[in-house]
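This report covers a protein model, one feature at a time. Please keep the sequence and the 3D view open while reading.

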Amino acid sequence: MAFEPPQRLVRALGETAPAGDDWLARLPGTAERAVARRELTVERVQVPGGRSSLVVLVRLPDGTPAVLKLAPPRARPESERAALAHWGGRGAVHLLEADAREAEEGVLLLERLHPDVSVRSLPEAKALLEAAGTLRRLWVEPPAGHPFETVAERTGRQAGAMRAGALAEPQTAPLVEAALTAREELLAAPPEHRLLHGTFRQSKVLAGERMPWLAVGPDPVVGESAFDLARLVRDRVEDLIAAPSGASITRRRIKRLADSLEVDLDRLRGWTLFRAVESGVRALRVGRGKDAELLLEFAGWL
């Protein structure tokens, strides 16, 4: 079959592709070779799919359903592989090829979940509860000599881009300054160093067979739990902005999540501010004005 990348993936990667990058052009051939090497039967490409990888629903030679995932180097697929191997299926999708030496770079063979059923399909309160419970299982000690980026390293790179963004869009400068100040204070005394999902939100938690809900698509990082939880706080941000009491709902959500997962409330608020502003400035940079407006208004409530 033709492994045509979904338009959502083409658009998203086009926003961040470095000059001369030909990963998308090579993708159909890469997928064909990965399928042939494993003697997989292809069912279909998942559409609309994700923003950083091609997801193909396949079956193993014995008929077991599985997922073949192909991601470009800038999506850090080998870091994802290492995290999934460390979790060993506890709270996250199971990696079917744990040894990176046995697989092509950027190719992951994964347990098949229900790709069209995420916790986002649940009522909001129930979705937050289930998502938070899944996230808690992922917060474990990283392996010795781990290959993962730290929160300080990742946010350091982001901070540089945020400063540049504030120069290009001066109206964002006050929020950027507040976010960068919060980052400095938070990094001064981190309470823990755990393996984190890195990009956790409701849509990253899918229904499974061996467990009701399992996380997918990590961009793993090592740091404090509040950093991971911060992204979940702003889930369904468009609904929060549309609600007359959105700011109050947000404050209650922060408190409820902090209490339920035993995370310091002020640290959670600080990382929520940083991550919302960083995402908002990045959305402005790539021309997603509506997303930027929502994120920056949300950040202003914090």
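In which loop does Glu169 lie? Glu169 lies in the loop between helix H5 (151–168) and H6. Helices (H or I, at least four residues) and strands (E, at least two) are DSSP runs, numbered from the N terminus. Glu169 has 29% relative accessibility and counts as partly exposed. Here buried means under 20% relative accessible area, exposed over 50%, and partly exposed in between, with a 1.4 Å probe and protein chains only. Leu284 is 115 residues from Glu169 in sequence, yet 8.5 Å away in space, C-alpha to C-alpha.

## Basis of the model

This is a predicted model, in which local features need pLDDT of at least 70 and side-chain atom pairs count only at pLDDT 80 or more, while totals for chains, interfaces and linings use all residues. Residues are numbered from 1 along each chain as its sequence is written, and side-chain values use heavy atoms, with hydrogens and water left out.

## Helix H11

Helix H11 spans residues 289–300, twelve residues. From first C-alpha to last, H11 reaches 16 Å, close to the expected 16 Å. That expected span is 1.5 Å times one less than the number of residues.

The buried residues of H11 are Ala292, Leu294, Leu295, Leu296, Phe298 and Ala299. They pack against helices H6 (173–188), H7 (225–233), H8 (237–242), H9 (246–260) and H10 (265–285). Contact means heavy atoms within 4.5 Å.

## Helices H1 and H2

Two packed helices are described by the angle and the distance between their axes. The axes of H1 (residues 7–16) and H2 (residues 23–38) come within 11 Å and cross at roughly 140°. That makes H1 oblique to H2. The axes are lines fitted to C-alpha atoms, for helices over the stretch in contact, with angles from 0 to 180 degrees between N-to-C directions. Under 35 degrees counts as roughly parallel, over 145 as roughly antiparallel, 65 to 115 as roughly perpendicular, and the rest as oblique.

Leu9, Val10 and Leu13 of H1 meet Trp23, Leu24 and Leu27 of H2. These contact residues divide into six nonpolar, no polar and no charged. Nonpolar covers Ala, Val, Leu, Ile, Met, Phe, Trp, Tyr, Cys and Pro; charged covers Asp, Glu, Lys and Arg; the others, Gly among them, are polar.

## Aromatic pairs

The whole structure holds three aromatic pairs. In Phe227 and Trp271, the ring centres are 5.2 Å apart and the planes stand at 85°, so the pair is edge-to-face. Rings of Phe, Tyr and Trp (its six-membered ring) pair if their centres lie within 6.5 Å; planes under 30 degrees apart are stacked, over 60 edge-to-face, the rest tilted.

Phe227 lies in H7 and Trp271 in H10, so the pair ties together parts 44 residues apart in sequence. Both Phe227 and Trp271 are buried. Ring pairs link Phe227, Trp271 and Phe274 into a cluster.

## Backbone exceptions

Most residues other than glycine have a negative phi, and most peptide bonds are trans. Glu39, not a glycine, has a positive phi of about 55°. Glu39 sits in the loop between H2 and E1 and is exposed, with a relative accessible area of 58%. Arg236, also not a glycine, has a positive phi of about 60°. Arg236 is found in the loop between H7 and H8 and is buried, at 12%.

A cis peptide bond joins Val47 and Pro48, with omega about 5°. Pro48 lies in the loop between strands E1 (41–45) and E2 (54–59).
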